[in-house]
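Trainee: Could you take me through one part of this model closely, and then say how far the rest of the chain can be read?

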Amino acid sequence: MKVTLLLAQCTSELLQHSVQIITNVLQELEVEIHRVELHKLPYFEGSRTRQMDSIMASVEASDGIIAISAVPMLGMHAAMQSFFDHATLYDMKCFSKPMMVVTYSDWLGEQEAAQMMLKCWEILGGMDGGATYMNKSLPSNLVLERIEKEVENFYRLMKQERPNIGSSQRMLYYNIKRGRMGIGFETPIIEERKPEIRNFADIVREDSFIGRMQYHKDHTSNTASAPVENVSKEESSNHRIDLSTKEQTIKEIAQLIEKESSGESFKSMQSGVYTRPPQVFTTNISTKRLQQIPHYFTAQYDKELSMVLKYQVTDIEEKGYVVIRDGDCIFVEQIDEVPTVEMSLTEEVLNNILSKKITYQKAFMLGKLKVKGNFSILPKLDQVFKAL
């Protein structure tokens, strides 16, 4: 994935910290980052420029945009305004992606500027990716912590690939734009419609002769013999009662599913015989692996650290507790304390975390690690546990 950062006078200490946090989070999630300093963009004079062509090439190739801007005198920064002015010369397809906005003011207007930036982006053809407003009077630690969470939410939004639904303002803008170009008015096509996903019943109904007969029978008020009368002689001759290859395969699959649901084993098919593999219990292997977690602990990191970690390995149904206290780390199978955090993952993900192929935080962001409780300690776990 790729994200373009649009920066407008990010010279204040708080904005610089914000850019660094955003960069760190995206790099942790393996997102490619392209930084654009908008002060290098010339003022808008109604025509394209080489600098804007380069910026738009990055914007079009990105999965999301993060605009970070200072707010002078209650309004949008001039460099950011110049970007949106230049953007009106480009096609809507370039903007069909979410934008996250971060604004900062040492006086007033940070919220109004952020809303205006998102409105401009939405009219151009983009989507609202959230906003964070910062002010000199606000506690910087709370603001920076929120930015980290907003970037994680923005990453989830990009991965979801939500459909881009237009608004009346966007339609009006593009109709006026087309009118000026002498093209004519029409409703812009926001996003290509994806092919419909058919389920098994639909496939049987549409692709088999028997299915079409049953479908017709279910959707007509005539007698059961009506579907046969509506079938042409040519089609009837091509689809005998002896099933075709496709229908025979479907019939065999249905028979296998029916036998499996009744507790019987799979029988022979045309392609061979399938035998269910015996279930293997690996309780001892998983328990030994969980017991090895304390060996990865680095006591020198923080001897005052105190927490209880519950691990549950889902694919082999094993669980245990890792207790960190007084500069020591131990494994126990049972404990009366309430865990600081409960983690659910597969054995493969656990091995990748312990070997440092993936971090706790990255596994959580990618949905490979399910967490219940204080998930903010995940970055700390990446520091206290080292690869052997």
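Mentor: His77 is buried, with a relative accessible area of 12%, where buried means under 20% relative accessible area, exposed over 50% and partly exposed in between, with a 1.4 Å probe and protein chains only. The residue sits in the loop between β3 (64-70) and α3 (78-87), helices (H or I, at least four residues) and strands (E, at least two) being DSSP runs numbered from the N terminus. Leaving aside neighbours within four places in sequence, His77 is in contact (heavy atoms within 4.5 Å) with Ala8, Gln9, Ser69, Ala70 and Pro72.

This is a predicted model, in which local features need pLDDT of at least 70 and side-chain atom pairs count only at pLDDT 80 or more, while totals for chains, interfaces and linings use all residues. Residues are numbered from 1 along each chain as its sequence is written, and side-chain values use heavy atoms, with hydrogens and water left out.

As for the rest of the chain, the average pLDDT (the predictor's confidence in each residue, from 0 to 100) is 78, and 70% of the residues score at least 70. Over residues 219-243 the pLDDT stays under 50, and the model has 15 contacts for them beyond four places in sequence. Residues 263-287 also have a pLDDT below 50, with 21 contacts in the model beyond near neighbours in sequence. Where pLDDT is low, the predicted coordinates should not be read in detail.
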